[in-house]
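Hi everyone, thanks for making time.

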Amino acid sequence: MDVSFALTGKGYVLVAADTTAAHSIIKVKSDVDKIKELSPHLLMAYSGEPGDTVQFAEYIERNIRLYQIRNTYGLRPQSAASWIRRSLAESLRSRHPYSVNLLLGGYDVSTYTPHLYWVDYLGTLAEVPFAAHGYGSYFALSLLDRYHDPEASLEEGIATLRRCIDEVAKRLVVSPGKYLVKVVDKDGTRVIEI
Amino acid sequence: MSIMQHNGGSVIAMVGKDCVAIASDLRLGVQSLSISSNFEKIFPVTERLYVGFPGLATDVTTLREVFRYRVNMYTIKEERAIEPTIFTQLVSSTLYERRFGPYFIEPVIAGLQKTPSGSYEPFIAATDLIGCINFAKDFVVAGTASEKLFGVAEGLWEPGLEPEDLFETISQTLMNAVDRDAFSGWGAIVHVITKDKVITRKLKGRMD
Amino acid sequence: MARRYDSRTTIFSPEGRLYQIEYAMEAISHAGTVLGVLTKEGIVLAAEKKVTGKLLDLSSAKEGGYGGSGEKIFLLNSNVVGGVAGVTADANSLVNYARQAAQQHLFSYNEDIPVEQLAQRLCDLKQGYTQYGGLRPFGVSLLYAGYDVHYRFQLYHSDPSGNYSGWKATSIGANNGTAQSLLKQEYKDDISLEDAIALVLKVMSKTMDSTTLGSEKLEFATLTLDSEQQPKAKIYRASEIDALLKKHDLAKKDEDTEMKS
């Protein structure tokens with residue numbers, strides 16, 4: 001039942017995920033952070049099978065950190081995305097595949113460009129201007145088709161994201177109540193109050 | 001629904017006069033939901049050889065990376081570019097390695113083969129998902145729109161097409177076939193390979 | 001006395017030395033010279049070939065491939081050119097290892113391997129042979145001329161012990177002391193690629209045994225950026241080397257040209 005969205009703008013990527021932890025029909029928590037800061041310029045929103053999600057996200061987080069410690073510089077968004085995709089693709093054909101879907105938002109400090117990657121549990125990777133996972137995607141993607149602007153300022157980007165959140169709240173039966181929104185740009189990652 | 005239809009997408013290759021063409025749509029979907037309208041499935045292997053991977057999108061990326069690795073090692077050790085016939089065998093044996101747990105991809109190969117006399121002759125081939133090769137003298141198709149592609153290509157293709165005519169033929173074939181397929185579309189990309197250059201064009205189709 | 005400590009790689013001598021490593025270094029100091037000069041616009045690499053002769057079949061080196069005759073200068077990856085000095089057979093094995101490591105990185109991360117990481121991979125391998133018993137070290141020093149987005153153009157040197165270091169200009173092989181001091185005198189931080197080519201050829205002509213340079217004694221390569229800011233390695237073919245030498249007035253006089261290609 002997780003919902004997550006992300007969109008690019010002029011020099012930034014906005015990533016949003018709901019903050020609910022659910023056990024069957026019961027909400028057990030409403031302040032869960034499902035967006036990991038993998039590196040100073042890389043965000044990863046994760047959703048899917050409870051248990052798999054946290055396990056996989058921490059595995060990725062620590063390996064990305066290890067690379068940075070070994071080589072002093074971190075992986076660029078494009079390389080990190082390829083490596084994470086490979087992890088999922090290899091997992092898919094193992095005995096216990098991870099069921100985790102991801103949105104990767106990064107800012108490449110060597111080319112000064114924002115990048116957003118849509119990744120699913122099969123290891124499908126696509127670079128996209130905007131993306132969503134979960135039931136929210138059916139509402140958000142059509143809204144983003146209409147309102148997304150890759151040259152939009154951060155304020156405009158947040159306004160577009162708001163439309164998505166409001167639409168899901170209005171139309172989805174099992175809509176989550178709260179969202180956590182983070183942004184990544186040239187200055188790094190930070191939480192945005194919405 | 002079959003896993004081969006999960007992400008959608010189609011590829012076609014055609015033979016012309018001293019040239020070949022390969023084209024695909026650009027859709028990436030999850031069943032009926034479109035995720036991206038810029039997902040390329042055709043990749044260059046050498047300056048005169050391209051390969052297309054219609055099928056499950058995770059395997060498109062994996063196989064692209066596997067073949068890039070193997071072709072690069074071949075090129076640097078042999079000190080020459082790989083020829084289409086050899087690459088086709090590589091594709092076939094790589095896929096057959098996974099005979100009982102296959103990659104869900106049906107590759108399409110198009111290129112110009114160097115003859116002993118130094119000239120180039122057109123080469124196209126396709127394989128199934130476990131590497132059974134299908135050589136063809138006219139055209140090969142694969143992907144979710146393959147039935148429609150067969151029909152349109154059968155009607156439009158003729159032997160001895162010059163590069164520009166071949167471009168028109170393959171573009172019309174692909175565009176009209178994917179319009180009848182819900183899982184392919186969202187624009188297309190066409191490569192026409194000739195002796196001294198490759199012409200690449202992106203096409204806009206019905207973007208709905 | 002020495003006999004007791006130099007027959008195995010893993011044994012320190014009482015003075016704290018590893019003789020096998022020093023012997024490997026000695027082997028390298030008799031090998032053909034390899035020179036590298038770093039500039040802001042690119043890197044120049046040149047090497048002296050030792051295996052020459054009228055009867056040597058060079059037909060495979062003339063066409064196809066990526067240029068070069070494959071004795072001293074190798075393309076390790078699309079962004080790294082390597083120059084080797086030492087035991088040729090060992091060098092071939094290291095070159096193959098480097099190529100495989102570079103392709104594995106490309107496979108894992110979908111990017112060209114950063115230059116320092118490639119040097120590190122080879123040094124990890126080389127270091128292993130100074131510690132594990134029953135094996136001799138690689139008798140090879142390498143120069144790596146490469147480009148990556150993190151540190152732009154870079155020139156590294158690695159030796160049989162598994163040490164590596166970055167340089168603005170350096171040399172390995174025979175007469176490397178002479179070459180180094182010449183480079184130290186002439187190198188400037190803002191040297192252009194053209195001047196670096198001239199410098200390399202000049203130093204090469206002074207350190208090599210023969211009085212005149214020719215493509216049968218020389219390998220040459222540059223690494224620059226193309227119009228799309230992508231690294232472009234160029235390993236010169238025999239005819240291109242001769243043309244270059246002619247341009248810099250270092251070519252052989254016609255009467256002793258036996259092997260002109």
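Predicted model: local features only at pLDDT ≥ 70, side-chain atom pairs only at ≥ 80, totals over all residues.

Let's start with T58(B), which sits in helix α1 of chain B, residues 57-78. Is T58(B) buried or exposed? It's buried, because its relative accessible area is 1%, and the cut-off for buried is under 20%. Now look at what T58(B) touches over in chain A: R85(A), A89(A), L92(A), L122(A), G123(A) and T124(A), leaving out residues up to four places away in sequence. Two of these come with polar contacts. The side chain of T58(B) reaches the backbone oxygen of L122(A) at 2.7 Å, and a polar atom of that side chain lies 3.3 Å from the backbone oxygen of G123(A).

Okay, on to chain C and chain B. Together they bury about 1100 Å², with 57% of that on carbon and sulfur atoms. Chain C puts 13 residues into the contact and chain B puts in nine. You'll find three residue pairs in polar contact across this interface, both residues at pLDDT 80 or more. On the chain C side, β3 (73-77) and α4 (88-109) each supply at least two residues, and the largest share, seven residues, comes from α4(C). As for salt bridges between chain C and chain B, the count is zero.

Last stop, the surface of chain A. M1(A), Y135(A), Y138(A), V173(A) and V174(A) make up a nonpolar patch there, with about 600 Å² of accessible area together. M1(A) comes in the segment before β1 (4-9), and it counts as exposed because its relative accessible area is 61%, where exposed means over 50%.

How values were computed. Residues numbered from 1 in each chain as written. Chains lettered and ligands numbered in written order. Heavy atoms only, no water. Patch = residues over 30% accessible without salt bridge, like charges linked within 9 Å, V, L, I, M, F, W, Y side chains within 5 Å. Areas by Shrake-Rupley, 256 points an atom, 1.4 Å probe, with all protein chains shown as cover. Salt bridge = Lys/Arg side-chain N within 4 Å of Asp/Glu carboxyl O. Helix = DSSP H or I, 4+ residues; strand = E, 2+ residues; numbered from the N terminus. Buried < 20%, exposed > 50% of the residue type's maximum accessible area, 1.4 Å probe, protein only. Contact = heavy atoms within 4.5 Å. Buried area = accessible area lost by both parts, 1.4 Å probe. Polar contact = N/O pair within 3.5 Å; in protein donor to acceptor, adjacent residues only side chain to side chain.
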